[in-house]
Amino acid sequence: MIPGFGLTLGLTLTWLSLIVLLPLSALFLKTGELSVERIITILTATRTLHALQVSFGLSLAAAVINLVFGTLVVWALVRYDFPFRRVVDAIIDIPFALPTAVAGIALTSLYAENGWIGALLAPFGIKVAFTQLGILVALVFIGLPFVVRTVQPVLEDLDAELEDAAATLGATRAQTIWRVLLPTILPALLTGFALAFARAVGEYGSVIFIAGNLPGLTEVAPLLIVIRLEEFRYADATAIACAMLVVSFALLLVINRLQRWSEARGRSA
């Protein structure tokens, strides 16, 4: 056995229990005080269902958008040398450092009808701020770095000579991407997608400003939980939170399985 393994494992489990397991256990214990009928009533309320639909639907859409455009950003940063590349690389991390409330205010100012970008879109009948499109913009903004920073080191380690070898053997560009590049970076892509999705589902600060928070239209589940807490309806808040946790865990489990399958397939190939 590795020296110090027992002590290290004990500290790890203790810290994990204090930070993660105990709060989650308290959440489920509080929800366990409710009857099954009461939980069903809370979760099937029209307002709750719509808030969950908005949160999970737009989070998935934002994660897909970040998966596509994040990959393009990584490709440009790794494969090309252009002026101010390091500056662009640093800008990617701004959503990590920027307080989410500040990000929400900035996005709302830009995409409002009198904002710099919103004013350009208004003549075409495109309204972003205080709509679901605005929520999508905010979720894309906060999720992009997760895809970029997950895929970037994998693509940097991938030797560009593999692409030249594939071309030498007669592979087209599409075949090289599909058969050489994609299998290698697919696990990282799935990880980045999962991280971006998980981050978006629980996002609150940057969304509440640009969403408008209209029940049945632009209200997200995290905001509904906060509203229920302010109304001292703690049972409703914990039931909604548990539902979000269960659905998020199930989706992340599926993504994790796909990641493991792609890794196993890559090793066997």
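Grid points are joined across faces, edges and corners, and a volume is the space filled by probe spheres set on the points. Before you go on, note that this is a predicted model, in which local features need pLDDT of at least 70, side-chain atom pairs count only at pLDDT 80 or more, and totals for chains, interfaces and linings use all residues. Residues are numbered from 1 along each chain as its sequence is written, and side-chain values use heavy atoms, with hydrogens and water left out.

**Stop 1**

Helices are DSSP runs (H or I, at least four residues), numbered from the N terminus. Ala, Val, Leu, Ile, Met, Phe, Trp, Tyr, Cys and Pro count as nonpolar, Asp, Glu, Lys and Arg as charged, and the others, Gly among them, as polar.

How many cavities of 30 Å³ or more does a search of the whole structure find? The search finds two. The largest cavity has a volume of about 40 Å³. Select S55, S59, I135, L139, A200, V201, E203, V207, V220 and P222 to outline the largest cavity. Its lining draws at least two residues from each of α3, α8 and α10, and divides into seven nonpolar, two polar and one charged.

**Stop 1: the largest pocket**

A pocket, by contrast with a cavity, is an open set with protein on both sides within 12 Å along at least five of seven lines. The largest pocket has a volume of about 340 Å³. It is lined by 13 residues, and T71, L72, I177, L182 and I185 are the closest to its centre. Now colour α3 (46-79) and α10 (173-201), each of which supplies at least two residues of the pocket lining. The largest share, seven residues, comes from α10. By class, the pocket lining has 11 nonpolar residues, one polar and one charged.

**Stop 2: the nonpolar cores**

Next, show side chains for L52, F56, V151, I225, I240 and M244, the residues with the most contacts inside the largest nonpolar core, which has 36 residues. Such a core is a set of buried Ala, Val, Leu, Ile, Met, Phe, Trp, Tyr and Cys residues joined through side-chain atoms within 4.5 Å. Buried means under 20% relative accessible area, exposed over 50%, and partly exposed in between (1.4 Å probe, protein chains only). Helices α3, α8 (132-157), α10, α12 (221-230) and α13 each supply at least two residues of this core, and α10 gives the largest share, 10 residues. Apart from this core lies another, of 21 residues, including V128, I142, A211 and V220.

Centre on M244, which touches L52, F56, V201, A221, P222 and I225, not counting residues up to four places away in sequence; contact means heavy atoms within 4.5 Å. In helix α13 (residues 234-268), pick S248. S248 counts as buried, at 14% relative accessibility, and touches F56 and V201, again leaving out residues up to four places away in sequence.

**Stop 3: aromatic pairs**

Rings of Phe, Tyr and Trp (its six-membered ring) pair if their centres lie within 6.5 Å; planes under 30 degrees apart count as stacked, over 60 as edge-to-face and the rest as tilted. By this rule there are three aromatic pairs. The rings of F56 and F197 have centres 6.4 Å apart and planes at 40 degrees, so this pair is tilted. F56 sits in helix α3 and F197 in helix α10, so the pair ties together parts 141 residues apart in sequence. F56 is buried, with a relative accessible area of 11%, and F197 is buried at 0%.

**Stop 4: two positive phi values**

Finish in the loops. F84, in the loop between α3 and α4 (85-91), has a positive phi near 65 degrees. Is F84 buried or exposed? F84 counts as exposed, at 65% relative accessibility. In the loop between α11 (205-211) and α12 you will find N213, with a positive phi near 55 degrees; N213 is partly exposed at 25%.

Definitions and conventions. 1 Å grid on protein atoms, 1.4 Å probe; cavity = no way out; pocket = protein on both sides within 12 Å on 5 of 7 lines; lining within 4 Å.
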